[in-house]
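These are my notebook entries on a structure that I had not examined before. I began with the chain as a whole and then turned to one element of it.

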Amino acid sequence: MSLTETINEYKAGFKEKAPQNVQELMQQATQALADSGITLKSPKTNDTMPAFTLPNAQGDNVSLSSLLESGPVVVTFYRGGWCPYCNFELREYQKSLAEIKALGATLVAITPELPDASLSTSEKNELEFEVLTDVNAEYAKSLGLVFSLPEALRPIYLSFGIDVEAHNGEGQFDLPLAATFVIAKDGTIASAFVDADYTARQEPSDVINTLKSL
């Protein structure tokens, strides 16, 4: 199945199980975020991708400039290992990693999860690419990608067993939008996928097609 098909299958199961009022609250929050125009603020195709230097799960700093020395870079943002849609995406990108590498590109994921949590996410999904910690989502904020989980949804998430603060740090409810960027070797953005709907993710095949065009 494609990533989209996997997500749609999961969403269908969620709709069958979750209380209607909970679904409505979550849908309203997503719609409000979309209506805010937040996606209009994010980097666009042909923009220069702002630089970053972020720690990986082992505490070593990784910079965009150093990654670009080897070729194009694919950067995907995810909310946390507690997010099923993020895990679906990470697994699908892992499946496509060999093809991405064969095209001379490097794949990295960026998350507000603290290193211990991001390491758990990497191990759980058997990831062979770097997962970088964006503490307090500061880098994602600089890109205009961040929203704060609405207070009305926080007890709902807890009822699902999702403790965002346990992953991101005390008082930290800032999360990145679903976003994936393909960055050419000269630092310009070859493709930009940004969506206010956290269940929407870019297919790895689209990323691969962009890399082939570079």
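Entry 1, the model. I noted first that this is a predicted model.

I looked up the secondary structure and found 10 helices and 9 strands in the protein chain. The radius of gyration is 17 Å, close to the 17 Å that the globule rule gives for 214 residues, so the chain is as compact as a globular protein of that length. I recorded a span of about 50 × 35 × 35 Å for the C-alpha trace along its principal axes.

Of the 214 residues, 53% count as buried. I then turned to contacts between residues at least 6 apart in sequence, and 72% of these join residues at least 24 apart.

The protein chain exposes about 9800 Å², of which carbon and sulfur atoms supply 49%. I counted 15 positive and 29 negative charges, whose mean positions lie 4 Å apart.

Entry 5, strand β3. Is this strand, residues 73-77, enclosed or open? I found 5 of its 5 residues buried, so β3 is largely enclosed by the rest of the structure. In a regular strand the side chains alternate between the two faces of the sheet. On one side of β3 I listed Val 73, Val 75 and Phe 77, and on the other Val 74 and Thr 76, all buried.

With strand β8 (residues 178-183), β3 pairs in the antiparallel sense over 5 bridges, and Val 73 is partnered by Ile 183.

Notes. Residues are numbered from 1 along each chain as its sequence is written. This is a predicted model: local features need pLDDT of at least 70, side-chain atom pairs count only at pLDDT 80 or more; totals for chains, interfaces and linings use all residues. Side-chain values use heavy atoms; hydrogens and water are left out. Helices (H or I, at least four residues) and strands (E, at least two) are DSSP runs, numbered from the N terminus. The radius of gyration is taken over C-alpha atoms; the globule rule is 2.2 Å times the number of residues to the power 0.38. Buried means under 20% relative accessible area, exposed over 50%, partly exposed in between (1.4 Å probe, protein chains only). Contact means heavy atoms within 4.5 Å. Accessible areas come from the Shrake-Rupley method with a 1.4 Å probe; for residues, only the protein chains shown count as cover. Lys and Arg count as positive and Asp and Glu as negative; His and the chain ends are not counted. The place of a charge is taken as NZ of Lys, CZ of Arg, CG of Asp or CD of Glu. Two strands pair if DSSP finds at least two bridges between them.
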